[in-house]
Amino acid sequence: MTTSRQQLIRLLADGEFHSGEALGETLGVSRMAVSKQIKVLETIGLDVFKVTGKGYKLSAPLQLLDAEQITAGSGVTVESHQVLGSTNQHLLDKAALLQKGHSCFAEYQTAGRGRRGKKWVSPYGSHLYTSTYWSLDAGIQAASGLSLVIGIAVARTLTDLGIVNTQLKWPNDVYVDGKKIAGVLVEIIATAGGECHLVIGLGLNVNMPLQAGLEIDQAWTDINQQLPHSLDRNVLATSYLTHLIKVLTDFESFGFGHFVEEWNCCDAFKDSPVVLTIGNKKKYGIAKGIDHSGALLLEVDGVISPLVGGEVSLRRAEI
């Protein structure tokens, strides 16, 4: 992200029309150069309209994240970047140097990733792409059920906004009205018997550009579809981190059992027929919530058995 592109984004962020000539004068480049820069911005997910006689404008005003504001509101150290490969990888690369709660945001990810190696669609300035560092003195065994707890932090954040019918999908997705709104990716650095280092990644849909939405292979929604008013992303980021630190602290103090009832109340697939893909195999059954270790309870032929996470994909089964 060059300095001139960052400046162009700031000029367009108000959502108003700006002529190519005026933009060029401010940036010290030709109108042709402005046109080329606009095309680059479109490749990172910005919807830019061009109208003859008026110039260029974004489809909606753009609000950039402010690390100082989020730090002041959440009480944890926050860094914000224009472009990163992956917020998770950024923190993983320096995990040994971080304090608990240290968080990173990016306006755009070139290599955002979800669970099972899938790409996370990351259009510029549209959503929250964030990762937080945490550690557990008790080691990796104490991390059981952690991704489910992060889902609870997201659900609480959305509920505070007034979004009803927030649901959790085992083991790491958040839904609203049956459509995905957020995904969690927890990555662990641990040694046998030693401290467990965690990087907790979240992708939360706020305002999905039309073109970016076409890249997603499942039903999705975003916060702007759920609320009657626009949302300050800095306020959203602050609220999420506040809830996140609370649930992580309680998780360390009380264990996962403290959250089981709350998670089961939000279970998107409770008592529904589901299919689990485990490697190349499929397993069908009825989802029966989770147990006190965070394992999925699956009923098959009247017998309920726990199933742990890993490389498992859960989907609602067609009946």
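On one side of helix α4, Glu68 and Ala72 are exposed. The model is predicted. Helix α4 spans residues 67-74, and its buried residues are Ala67, Ile70 and Ser74. These three cover an arc of only 70° around the axis, so they lie on the same side of α4. Glu68 and Ala72 are on the other side.

At the start, a side-chain oxygen of aspartate 66 comes to within 3.0 Å of the backbone nitrogen of glutamate 68. After the helix comes glycine 75. The phi of glycine 75 is positive, near 85°.

The sheet is open and contains 7 strands. Their order is β3-β4-β5-β9-β8-β7-β6, and the pairing is mixed. Strands β3 and β6 (166-169) form the edges, each pairing on one side only. From one strand to the next, the twist averages 20°. Helix α6 (residues 146-161) packs on this sheet. There α6 touches β6, β7 (173-176), β8 (179-190) and β9. The direction of α6 makes about 140° with that of β8.

Within the sheet, β5 and β9 (residues 196-204) run antiparallel. The two strands are joined by 9 bridges. In this pairing, tyrosine 133 stands opposite valine 199 in β9. Helix α9 also packs on the sheet, where it touches β3, β4, β5 and β9. The direction of α9 makes about 20° with that of β5.

Serine 131 is located in strand β5, which covers residues 128-136. Its relative accessible area is 0%, so serine 131 is buried. The side chain of serine 131 makes a polar contact with the side chain of threonine 87, at 2.7 Å. Beyond its neighbours within four places in sequence, serine 131 has contacts with several stretches of the chain. Thr87, Asn88 and Leu91 are among them. His102, Ser103 and Cys104 are also in contact with serine 131.

Technical notes. Residues numbered from 1 in each chain as written. Predicted model: local features only at pLDDT ≥ 70, side-chain atom pairs only at ≥ 80, totals over all residues. Heavy atoms only, no water. Helix = DSSP H or I, 4+ residues; strand = E, 2+ residues; numbered from the N terminus. Buried < 20%, exposed > 50% of the residue type's maximum accessible area, 1.4 Å probe, protein only. Polar contact = N/O pair within 3.5 Å; in protein donor to acceptor, adjacent residues only side chain to side chain. Contact = heavy atoms within 4.5 Å. Arc of directions from axis to C-beta. Pairing = 2+ DSSP bridges. Axes fitted to C-alpha atoms, helices over the stretch in contact; angles between N-to-C directions.
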